[in-house]
Amino acid sequence: MIKAAEKVYDCLHRERYRYTLDSPVDTGLFAHYADADAFQVAVYDAKHLLPQARVIFRIEPRDGSFLINGALGLDYVTVTYLRGAPMAAARATQEAILARLP
Amino acid sequence: MFDFAEFDYDFVANRLVVGGEPMVLHCHHYNVFLQRSIQDAEYIDSAPILVGAAAEVAFAQLTDLLARTADIPARKATVEALYRASGLGLIDLGALTERGGDVRTRSTHYSIGWKEKFGRSRTPVDFFSTGFLAGALAAIYGLPLADVQARQTACLSTGVTEDVFVLGRGPANFTIFAQRQNPVLNPMADDAEPATSVDRKAITRAVAAMPLPVNAEGLIAVFGLYLTRLHADYYNRISYAFEREMTAATGRQGVEVAADLFIEAGHVCAFNTMGGIMTSPDWDALVLPMLKTPEDWFHGIFAWWNACGYGVAKVMDVSPTGATVRIYNDYESVGYRRMYGAADHGISYLVTGGVAGVMNLIYLGDIHTKPALTTEFYDRLFKRGQAFQARMTACQAMGDPYTEIHAELPEMAEGGHRLEGAGVSA
């Protein structure tokens with residue numbers, strides 16, 4: 001569930017939102033972006049160097065219309081949308097996915 | 001293809017050397033601000049400097065990288081891949097011949113970044129790509145750099161749909177600089193840094209290994225900005241060649257003018273890049289779990305800074321009223337000495353502005369609350385006269401064993417005089 005959606009400043013030609021969630025993000029989020037032809041999911045795990053570190057991830061569709069940044073265990077993600085005609089639809093879709101998370 | 005991950009980061013000197021060229025990370029705010037600062041001095045003919053500096057480093061680097069590749073299409077592919085991996089955008093060199101040719105692209109960092117930061121330009125702004133392509137043409141075909149010409153005839157920043165670069169043969173239409181000397185790195189002392197719960201070395205290693213994603217446009221959009229991994233000596237050359245021309249035109253005042261401009265560029269770098277990092281999920285995931293105090297934040301961000309190729313920064317002291325950062329082999333000093341020998345004044349401008357900028361973000365800007373990094377916030381934080389100011393108390397380019405920057409609030413400075421500007425050796 002989305003607890004709060006805050007529009008945050010972005011200096012590029014994009015709109016960025018920080019979504020605070022009811023629960024910390026887990027790998028269940030990735031299931032919504034499992035289609036490798038449509039999405040690129042990249043993770044970076046530095047626990048071998050920083051034991052307290054969380055696994056960072058970024059999710060981007062092949063068309064580049066949005067970008068999700070976050071880390072497993074954090075209670076928020078940021079989603080950056082490209083401005084333009086498809087932005088409203090991309091935002092609605094991503095917010096629906098986040099709203100369905102536990 | 002090309003992947004920076006194939007080149008080892010030197011964790012002793014905190015440098016990444018690729019094809020003989022040290023590479024550093026900077027964002028589009030810094031890149032275009034620095035360029036515009038140089039261009040704004042209209043009585044200096046800056047275009048040949050800006051193009052020539054890029055041509056110099058690209059030619060040197062590509063000559064090295066392409067030495068074992070004889071095939072021309074393979075050479076072109078390497079250049080295109082390096083350009084993209086650097087976050088510079090997309091180029092297609094397919095139409096290029098030994099005589100030159102046109103390069104057209106819908107995505108370049110400088111053109112897009114300029115428009116994002118400053119709005120439309122009246123004239124083309126991508127001097128870096130112009131010089132890079134000149135150096136590439138020469139390196140791909142084994143030509144003397146002095147026999148290559150390059151100009152940009154169309155630019156995305158002006159509102160058109162593509163950048164056009166025209167390459168040809170003939171006497172270079174940009175500055176050909178004197179050969180640089182081999183870099184000399186100073187040994188590091190075992191300086192005692194204050195105790196902190198922040199594992200600085202681990203942060204540096206983790207960040208240096210973190211992939212920088214390049215998008216479909218060949219841009220690295222991270223931390224809310226466009227990042228590049230460019231040649232340290234590009235920044236050094238444009239800065240110090242400009243400073244020398246200013247000094248030739250106006251005398252010693254030229255140093256003061258250049259110092260003010262380049263330290264301000266350091267503020268812009270700190271505010272946007274370091275501020276963007278400290279408000280990112282990446283920071284929250286990697287570093288935040290170790291941070292308890294504002295001083296920890298300072299240690300954390302300089303540990304991150306050490307992964308950017310800038311040299312080895314050691315935080316000697318930090319408190320709410322000031323900080324001292326010692327840097328061994330800061331890229332500005334190393335580059336200056338390669339180009340011009342020993343300096344007679346402090347030249348580590350980026351890090352001077354950077355230290356003050358980070359202090360402002362942490363102690364005056366409450367960066368832990370994730371403020372919006374707007375122009376208005378920048379002006380409020382840096383231009384009200386109450387901001388931290390920094391000075392060089394030592395500079396490696398002058399022969400000191402390291403560069404050292406001290407930042408403090410204006411009221412802390414003896415006599416209340418303005419601190420920033422070209423420093424003197426300790």
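Two residues are in contact here if their C-beta atoms, placed from the backbone, lie within 7 Å. With that cut-off, residues of helix α3(B) meet residues of helix α5(B), and 23 residues of chain A touch 24 residues of chain B. The model is predicted.

**Contact between chains A and B**

- The contact between the chains involves 23 residues of chain A and 24 residues of chain B.
- On the chain A side, strands β3 (39–44), β4 (56–61) and β5 (66–71) each contribute at least two residues.
- Strand β5(A) provides the largest share of that side, with 3 residues.
- Sorted by class, the side of chain A that touches chain B holds 13 nonpolar, 6 polar and 4 charged residues.

**Overall form of chain B**

- Chain B contains 13 helices and 11 strands.
- The radius of gyration of chain B is 21 Å, close to the 22 Å given by the globule rule for 426 residues, so chain B is as compact as a globular protein of that length.
- The C-alpha trace of chain B spans about 60 × 50 × 45 Å along its principal axes.
- Buried residues make up 56% of the 426 residues of chain B.
- Of the contacts in chain B between residues at least 6 apart in sequence, 72% join residues at least 24 apart.

**Helices α3 and α5 of chain B**

- Two packed helices are described by the angle between their axes and the distance between the axes.
- In chain B, the axes of α3 (residues 72–85) and α5 (residues 127–141) come within 10 Å and cross at roughly 155°.
- Angles over 145 degrees count as roughly antiparallel, and α3(B) is therefore roughly antiparallel to α5(B).
- The crossing of these two helices, α3(B) and α5(B), is right-handed.
- From α3(B), the residues I72(B), R75(B), K76(B), V79(B) and Y83(B) meet F132(B), A136(B) and I140(B) of α5(B).
- By class, the residues in this contact of α3(B) with α5(B) comprise 6 nonpolar, no polar and 2 charged.

**Helices α10 and α12 of chain B**

- Helix α10 (residues 294–305) of chain B packs against helix α12 (residues 349–364) of chain B at an angle of about 150°, and their axes are 10 Å apart.
- The crossing in which α10(B) passes α12(B) is right-handed.
- P294(B), W297(B), F298(B) and I301(B) form the α10(B) part of the contact, while V358(B), I362(B) and Y363(B) form the α12(B) part.
- The contact of α10(B) with α12(B) has 7 nonpolar residues, with no polar and no charged ones.

**Loop residues with positive phi**

- Most residues other than glycine have a negative phi.
- F223(B), a residue other than glycine, has a positive phi near 55°.
- The position of F223(B) is in the loop between β6 (220–222) and β7 (225–231) of chain B.
- A residue is buried if 20 or more other C-beta atoms lie within 10 Å of its own, and F223(B) counts as buried because it has 22 C-beta neighbours inside 10 Å.
- N329(B) is not a glycine either, and its phi is positive at about 60°.
- The loop that holds N329(B) runs between β9 (322–328) and α11 (331–340) of chain B.
- N329(B) also counts as buried, because it has 25 C-beta neighbours inside 10 Å.

Key. Residues numbered from 1 in each chain as written. Chains lettered and ligands numbered in written order. Predicted model: local features only at pLDDT ≥ 70, side-chain atom pairs only at ≥ 80, totals over all residues. Helix = DSSP H or I, 4+ residues; strand = E, 2+ residues; numbered from the N terminus. Nonpolar A, V, L, I, M, F, W, Y, C, P; charged D, E, K, R; others polar. Rg over C-alpha atoms; globule rule 2.2 N^0.38 Å. Buried ≥ 20, exposed ≤ 12 C-beta atoms within 10 Å, placed from the backbone. Axes fitted to C-alpha atoms, helices over the stretch in contact; angles between N-to-C directions. Parallel < 35°, antiparallel > 145°, perpendicular 65-115°, else oblique. Left-handed = near helix turned anticlockwise from the far one by under 90°.
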